[in-house]
Amino acid sequence: MAAEILAQAGQTVTVYEQKPSLGRKFLMAGRGGLNLTHSEEFEKFLPRYGAAEKFMTPLIESFTPQMLRAWADDLGQETFIGTSGRVFPKMFKASPLLRAWLLRLEKLGVQFKLNHHWLGWRENNLIFKYENKEVAVAADAVLLALGGASWPRLGSDGAWTEILQNKKIEIMPLRPANCGFQINWSDIFKNKYAGQPVKSVALLFNGIRVPGEIMITQGGIEGGPVYALSTALRDAIAQYGSAELAVDLRPDMTEEQLTKALQRPRAALSFTNYLRKAISLSSPAIGLLLEQPNRAELGRYSPPQLAALLKSVPLTLTGTSHIERAISTAGGIALSELDNGLMLKKLPGVFAAGEMLDWEAPTGGYLLQGCFATGAAAAHGIINFLN
Ligand SMILES: Cc1cc2nc3c(=O)[nH]c(=O)nc-3n(C[C@H](O)[C@H](O)[C@H](O)COP(=O)(O)OP(=O)(O)OC[C@H]3O[C@@H](n4cnc5c(N)ncnc54)[C@H](O)[C@@H]3O)c2cc1C
């Protein structure tokens, strides 16, 4: 986005990328349909940036979700608002948008230097490693948009933190965001259910309830509702060592309705078959219930006791999954290091944008919107700087 705005303003722009092709994470986001932004009102939208809301507000107000949609439309990728309010290209893919975008940039004269790994500065030059040689580049202004540290195989590996720390830039530790969590499953449970979804549940943490589908992994859980609670869960684990998440296995039934359904005589049915027949509990959901340390006693629970447990099955989360599997990254360049045009105050002429800044947001299109908006703001910052 910054390259486009700068080239349109008549600047000579070169994009350096360490991978052999551009936009790999953008393409990966396209696998889920490319949730570009969200259609909700600003009163709801802006608080999604949590602690960074104040910082992000003027940037999003200057590059709004409507502007992002118009931009995609202009590139031949009309968008639509899904039932959840999330915005996607009608093609539900990133590749046609990326292709059209790169073509536009080429026409604007933007040059691309692929396989160029940025190593830092020597004197006033940027130094890149290219084909085992070092290449020095002089630039009037530099925009760093090197991403966070999730999915490093797509290019963003967080190696830039050391380069900037050496320049005395404060970097908040990179942490997984929109991530899965670790749970000490029993061998029986993980061997049977890892890779399987538990559908139509609701997660509860700190008074927030998020319905959806969770995925059982070898080492814990992941999925939309988990990501939605991930900031609060991650911070609780950092503070207390673990966090207790509650799972409502039948969010469509009240505790009273469940109690009534569980009053049906069990007769000769096993406990698991009884749960399957009486309240249509799926096999992974039953497995989850039986992960309780007191599993042997559950068969003797009264209907009200069992109903209460089914509405709030406790799971102890012991840590986040590795950042390599997270959707996004929290932490990064401390926002206090940046001026209004996203220039690093300690490095005049060097700007930063995207996920490498210390903001985070849930999934829902807020991440790409934030990246585009910070890119646009940095481009305007560069134009002002050069003038
Ligand atoms: C599986 C997945 C699905 C996602 N889905 C969505 C979604 O639907 N909606 C949404 O809003 N967000 C989504 N995201 C998040 C979104 O893709 C990111 O927030 C966004 O791509 C970050 O953009 P960025 O430009 O800051 O960094 P990146 O897209 O990570 O780009 C940074 C680039 O810098 C390059 N680079 C890094 N270091 C160097 C170096 N030293 N030298 C040269 N080049 C370097 C990297 O190779 C990379 O190409 C998803 C992420 C993942 C992993």
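**Entry 1**

I began at Leu 203, whose bridge partner in strand 15 is Val 247. Strands here are DSSP runs of E with at least two residues, helices are runs of H or I with at least four, and both are numbered from the N terminus. I then looked up the pairing: strand 12 and strand 15 (residues 243-248) run antiparallel and are joined by 3 bridges. Two strands count as paired if DSSP finds at least two bridges between them.

Before going on I noted that this is a predicted model, in which local features need pLDDT of at least 70, side-chain atom pairs count only at pLDDT 80 or more, and totals for chains, interfaces and linings use all residues. Residues are numbered from 1 along each chain as its sequence is written, and side-chain values use heavy atoms, with hydrogens and water left out.

Next I followed strand 12 (residues 197-205) to strand 13 (residues 208-217), and found an antiparallel pairing over 7 bridges. Val 198 has Ile 214 as its bridge partner in strand 13, and Leu 204 has Arg 209.

In what order do the 7 strands of the open sheet stand? I read the order as 16-15-12-13-14-11-17, with antiparallel pairing. Strand 16 (313-317) and strand 17 (319-320) are at the edges and have a single partner strand each, so one side of each is left without a neighbour in the sheet.

I moved to strand 6, which pairs with strand 7 (residues 125-130) in the antiparallel sense over 5 bridges. Gly 120 stands opposite Ile 127 in strand 7. The hairpin of strand 6 and strand 7 has 2 residues between the strands, and Glu 123 takes a positive phi near 50 degrees there.

Strand 7 is also joined to strand 8 (residues 133-137) by 5 bridges, and these two run antiparallel. Here Tyr 130 stands opposite Lys 133 in strand 8. Strand 7 and strand 8 form a hairpin with 2 residues between them, and Glu 131 in the turn has a positive phi of about 50 degrees.

**Entry 1: the ligand**

Which residues come nearest to the ligand? Of the 23 residues around the ligand, I listed Glu 17, Asn 35, Trp 118, Glu 355 and Leu 368. A residue is near a molecule if one of its heavy atoms lies within 4 Å of it.

A backbone N or O atom of Asn 35 lies 2.8 Å from a nitrogen atom of the ligand. For Gln 18, a polar backbone atom is 3.1 Å from a ligand nitrogen. For His 117, a polar side-chain atom lies 3.5 Å from a ligand nitrogen. The ligand on its own has 1,000 Å² of accessible area (Shrake-Rupley method, 1.4 Å probe), and the protein covers 89% of this. Helix 2 (24-30), strand 6 (117-122) and helix 15 (366-386) are the elements that give two or more residues to the shell.

**Entry 2: domains and confidence**

I noted domain 1 (2-176 + 329-386) and domain 2 (181-320), with bounds from an automatic or database domain assignment. Their C-alpha centres lie 38 Å apart.

Last, I looked up pLDDT, the predictor's confidence in each residue, from 0 to 100. The protein chain has a mean of 97, and 100% of its residues reach 70 or more.

Terms used:
Polar contact = N/O pair within 3.5 Å; in protein donor to acceptor, adjacent residues only side chain to side chain.
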